[in-house]
Amino acid sequence: MKEDKNDNFKLSDNKEVLKLDDSHIHDFEYHKAAKNISFAFFLNIIFMFVVAVGAIYTNSMAILADLLHGLSDTIALGFSWIFQRFSEKEEDEKFTYGYRRFSLLGAIITSSIVIIGSVLILLESFSRIFAPVEPHASGMVLVAIFAIFLKALSVWKLRDSRTLNERAVSIHLIGDLMGWIALLGVGVVLIFFNIPILDVLLSIAITIWMIYNLVKTLFYSFKILLLEAPGNVNQDTLKRDILSIEGIDDIVKFYLWSLDNQKNILTVKINLKDDLKVSDTEKIKKIIE
């Protein structure tokens, strides 16, 4: 048996095992993802102090909910940042495929923490429906304007999310931004009309939206973790293209999976025709690549 260690190609008994990877994201983009998440993390710490003061001053359930949400946000963003930085490491003897799946782990942890926090907020909001407390409307407007500015900065920084980790964080931040825009509108209404239940209903609506989107991200992350074939590759077409290559007799094994939603990996074992030279197999390999 011959083995070329440089390109993971094996030739044995006229069969070939070829391992391919399709990398759609460069290392600098992974580094950029870590920087984007760290930006959102530190901005969220500043945001928490502002919201803490605002929640005490305004007596708003929506702002109080966002304060509790902000605590889970900070923890989740911290985990996301750490795992994203870890995912930049090159492959070694322990992790021969590299560390990119730590970004996926970050997405799962981020989504899980925020979902748990959101459910707790939702339960508290439901308990306030029949006993709404009148908030300080003008204070709500001031806090909302400042919060919108900070959240918009974070959303803008993550506008080109590529990794699942970034996507989970981005969905969360967009949900927060929507919530604060809606809260600004509610604050303006409450200045002129005494309808305190609007504050509670807003908290419920935004929290449900966020849970729905993060649950979808969580399930998608688990699918990748369980090696589901990537949906952006047509397997039937790919197999037909491989079988159409001159010199290939049959596909014996076909394993297609995604490392982290960005890097797809294919391991294929093929039968070759009997009258081929070793030089022909090299050409076949390059065509498949």
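Predicted model: local features only at pLDDT ≥ 70, side-chain atom pairs only at ≥ 80, totals over all residues.
## Strand pairing, surface patches and burial

In strand E5, Asn264 is the bridge partner of Ser258.

Strand E4 covers residues 248-258, and strand E5 covers residues 263-272. The two run antiparallel and pair over 9 bridges. Besides the Ser258 and Asn264 pair, Trp257 has Ile265 of E5 as its bridge partner. The hairpin has 4 residues between the strands. Asn261 in this hairpin takes a positive phi near 75°. How many of the residues of E5 are buried? The count is 9 of 10, so E5 is mostly covered, where buried means under 20% relative accessible area.

Lys273 sits in the loop between E5 and helix H8, which spans residues 278-288. Its relative accessibility is 40%, so Lys273 counts as partly exposed. Lys273 and Glu246 are 27 residues apart in sequence. Their C-alpha atoms are 9.1 Å apart in space.

**The whole chain.** There are 8 helices and 5 strands. Along the sequence, their order reads β-β-β-α-α-α-α-α-α-α-β-β-α. The chain has 289 residues, and buried residues make up 47% of them.

Is Asn44 buried or exposed? Its relative accessible area is 2%, so Asn44 is buried. Lys151 is 107 residues away from Asn44 along the chain. The C-alpha atoms of Asn44 and Lys151 are separated by 8.2 Å.

**Surface patches.** Glu90, Glu91, Asp92 and Glu93 form a negative surface patch. Of these, Glu93 lies in the loop between helix H2 (61-86) and helix H3 (101-127). Why can Glu93 be called exposed? Because its relative accessible area is 81%, and the cut-off for exposed is over 50%.

A nonpolar patch also lies on the surface. Its members are Val188, Val189, Ile191, Phe192, Phe193 and Ile195. Together they have about 550 Å² of accessible area. Val189 belongs to helix H5, residues 164-192. At 31% relative accessibility, Val189 is partly exposed. A patch residue needs over 30% relative accessible area, so Val189 passes that cut-off.

**A positive phi in a loop.** Leu227 is found between helix H6 (197-225) and helix H7 (235-243), in the loop. Its phi is near 65°, a positive value in a residue other than glycine. With 45% relative accessibility, Leu227 counts as partly exposed.

The table collects the accessibility values for the residues discussed above.

| Residue | Relative accessibility | Class |
|---|---|---|
| Asn44 | 2% | buried |
| Glu93 | 81% | exposed |
| Val189 | 31% | partly exposed |
| Leu227 | 45% | partly exposed |
| Lys273 | 40% | partly exposed |

Note on methods:
Residues numbered from 1 in each chain as written. Heavy atoms only, no water. Patch = residues over 30% accessible without salt bridge, like charges linked within 9 Å, V, L, I, M, F, W, Y side chains within 5 Å. Areas by Shrake-Rupley, 256 points an atom, 1.4 Å probe, with all protein chains shown as cover. Salt bridge = Lys/Arg side-chain N within 4 Å of Asp/Glu carboxyl O. Lys, Arg positive; Asp, Glu negative; His and termini not counted. Charge placed at Lys NZ, Arg CZ, Asp CG, Glu CD. Buried < 20%, exposed > 50% of the residue type's maximum accessible area, 1.4 Å probe, protein only. Pairing = 2+ DSSP bridges.
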